[in-house]
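These are my notebook entries from going through one model, written in the order in which I looked things up.

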Amino acid sequence: MTKIEIYTRDMCGFCARAKKLLKNKNIKFEEYNIWQEDKRKPEMIKRANGATSVPQIFINNDHIGGCDDLMALEKAGNLDKLLQLD
């Protein structure tokens with residue numbers, strides 16, 4: 001089973017957009033809110049090779065990037081392959 005993790009924060013339009021895409025594909029994901037859990041932000045930065053913006057998305061522990069990166073994968077037709085939907 002594909003493991004999707006997404007680091008987010010409240011009131012983030014890019015986070016909402018990324019989550020909406022995954023929800024529309026009926027993909028379950030673990031969400032970590034960096035504002036609600038103090039340990040999550042440094043964890044995210046370390047895992048994302050220094051990236052501090054949200055969302056930061058991981059598929060099977062591989063860093064995908066942010067919302068724009070997720071959307072680019074979808075537009076190119078590669079997201080479903082990563083999510084093992086095809």
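I began with Leu79 and, not counting residues up to four places away in sequence, I found that Leu79 touches Leu21, Lys25, Ile59, Leu70, Leu73 and Glu74, where contact means heavy atoms within 4.5 Å. Before going on I noted that this is a predicted model, in which local features need pLDDT of at least 70 and side-chain atom pairs count only at pLDDT 80 or more, while totals for chains, interfaces and linings use all residues. I also noted that residues are numbered from 1 along each chain as its sequence is written, and that side-chain values use heavy atoms, with hydrogens and water left out.

**Entry: the cores.** I looked up the largest nonpolar core, which has 16 residues, and Leu79 is listed with Ile4, Leu22, Leu70 and Leu83 as having the most contacts inside it. A nonpolar core is here a set of buried Ala, Val, Leu, Ile, Met, Phe, Trp, Tyr and Cys residues joined through side-chain atoms within 4.5 Å; buried means under 20% relative accessible area, exposed over 50%, and partly exposed in between, with a 1.4 Å probe and protein chains only. The elements that give two or more residues to this core are β1, α1, β3 and α3, and α3 gives the most, with four residues. Helices (H or I, at least four residues) and strands (E, at least two) are DSSP runs, numbered from the N terminus. Apart from this core I found another, of ten residues, among them Tyr7, Tyr32, Ile34 and Met44.

**Entry: helix α1.** I checked the length of α1, residues 13-24, and its twelve residues reach 16 Å from the first C-alpha to the last, close to the 16 Å expected at 1.5 Å a residue; the expected span is 1.5 Å times one less than the number of residues. Which residues of α1 are buried? I find Cys15, Ala18, Lys19, Leu21 and Leu22 on that list. They cover an arc of only 155° around the axis, which puts them on the same side of α1, the arc being that of the directions from the helix axis to the C-beta atoms. The face turned away from the buried side carries the exposed residues Gly13, Lys20, Lys23 and Asn24. What covers the buried residues includes β1 (4-8), β2 (30-33), β3 (56-59), α3 (67-75) and α4 (79-82). Just after α1, Asn26 takes a positive phi of about 60°.

Entry: I placed Thr8 in strand β1 and read its relative accessible area as 0%, so Thr8 is buried. The side chain of Thr8 makes a polar contact with the side chain of Glu31 at 2.7 Å; a polar contact is a pair of N or O atoms within 3.5 Å, of which, within protein, one must be able to donate a hydrogen and the other to accept it, and residues adjacent in sequence count only if both atoms are side-chain atoms. Leaving aside neighbours within four places in sequence, the residues in contact with Thr8 are Cys15, Lys19, Glu31, Tyr32, Asn33, Ile34 and Val54. I followed this list to Asn33, which is found in strand β2 and is buried at a relative accessible area of 8%. The side chain of Asn33 reaches the backbone nitrogen of Gln36 at 3.1 Å. With the neighbours within four places again left aside, Asn33 is in contact with Thr8, Arg9, Asp10 and Arg40. I also looked at Lys41 in helix α2, partly exposed with a relative accessible area of 38%; Lys41 and Thr8 are 33 residues apart in sequence and 9.3 Å apart in space, C-alpha to C-alpha.

Entry: I noted a cis peptide bond that joins Val54 and Pro55, with omega about 0°, and Pro55 lies in the loop between α2 (40-47) and β3. Further along, β3 and β4 pair in the antiparallel sense over three bridges, where two strands pair if DSSP finds at least two bridges between them, and the bridge partner of Phe58 in β4 is His63. The hairpin of β3 and β4 has two residues between the strands. In the loop between β3 and β4 (62-65) I found Asn60, which has a positive phi of about 50° although it is not a glycine and counts as partly exposed at 32% relative accessibility. Asn61 lies in the loop between β3 and β4, has a positive phi of about 70° although it is not a glycine, and counts as exposed at 53% relative accessibility.
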